[in-house]
Amino acid sequence: MHDLICLIKGCQARVYAPAGTHSICREHFLNYLTWRRRRGPQMFMKYAGMTMEERDPYVAEWANTIRVEEAPTASAPKT
Ligand SMILES: [Zn+2]
């Protein structure tokens, strides 16, 4: 894994675990884990037997469900 920061666009966190041929941060890894669990135990088992390349489409599908603030400075100030 040669990625230095999270695969998720806009996320600047350091990588924690592989996701397909890329890497993701801890927070997103846990999110991905939850997403896979929600798809059922069969999906979970199947995924475990996949190669990194075979996992990429699932990573991409999951990544599309992720929302990351693209401009954190534009968020409303805390009171
Ligand atoms: Zn991340």
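This is a short tour of one predicted chain, starting with its overall layout and then visiting a few residues.

Hello everyone. Before we look around, two notes on how to read the model. Residues are counted from 1 along each chain, in the order its sequence is written. The model is a prediction, so local features need a pLDDT of at least 70 and side-chain atom pairs count only at pLDDT 80 or more, while totals for chains, interfaces and linings use all residues.

Let me begin with confidence. pLDDT is the predictor's confidence in each residue, on a scale from 0 to 100. Here the chain averages 86, and 81% of the residues score at least 70. Where pLDDT is low, the predicted coordinates should not be read in detail. Among the elements, helix α3 (residues 52-63) has the highest mean pLDDT, 96, and helix α2 (residues 41-48) has the lowest, 92.

Now the layout. How many helices and strands does the chain have? There are three helices and two strands, and along the sequence they follow the pattern β-β-α-α-α. Helices (H or I, at least four residues) and strands (E, at least two) are DSSP runs, numbered from the N terminus.

Helix α1 covers residues 26-38, which is 13 residues. From its first C-alpha to its last it reaches 18 Å, close to the 18 Å expected at 1.5 Å a residue; that expected span is 1.5 Å times one less than the number of residues. After α1 comes G40, with a positive phi near 100 degrees.

What about burial? A residue is buried if 20 or more other C-beta atoms lie within 10 Å of its own, exposed if 12 or fewer, and partly exposed in between, with C-beta atoms placed from the backbone. By that count, 15% of the 79 residues are buried.

And contacts: two residues are in contact if their C-beta atoms, placed from the backbone, lie within 7 Å. Among contacts between residues at least 6 apart in sequence, 34% join residues at least 24 apart.

Let's visit some residues, starting with Y16, in the segment before β1 (17-19). Y16 counts as partly exposed because it has 15 C-beta neighbours inside 10 Å. Leaving out residues up to four places away in sequence, Y16 touches I24, C25, R26 and F29. Y16 and C6 are ten residues apart in sequence, and their C-alpha atoms are 8.1 Å apart.

Next, M50, in the loop between α2 and α3. Why is M50 partly exposed? Because 13 other C-beta atoms lie within 10 Å of M50. From M50 to G20, 30 residues apart in sequence, the C-alpha distance is 9.2 Å.

P57 and G20 are 37 residues apart in sequence and 8.3 Å apart, C-alpha to C-alpha. P57 has 11 C-beta neighbours inside 10 Å, so P57 counts as exposed.

Our last stop is E53, also in helix α3. E53 is exposed, with 9 other C-beta atoms within 10 Å.
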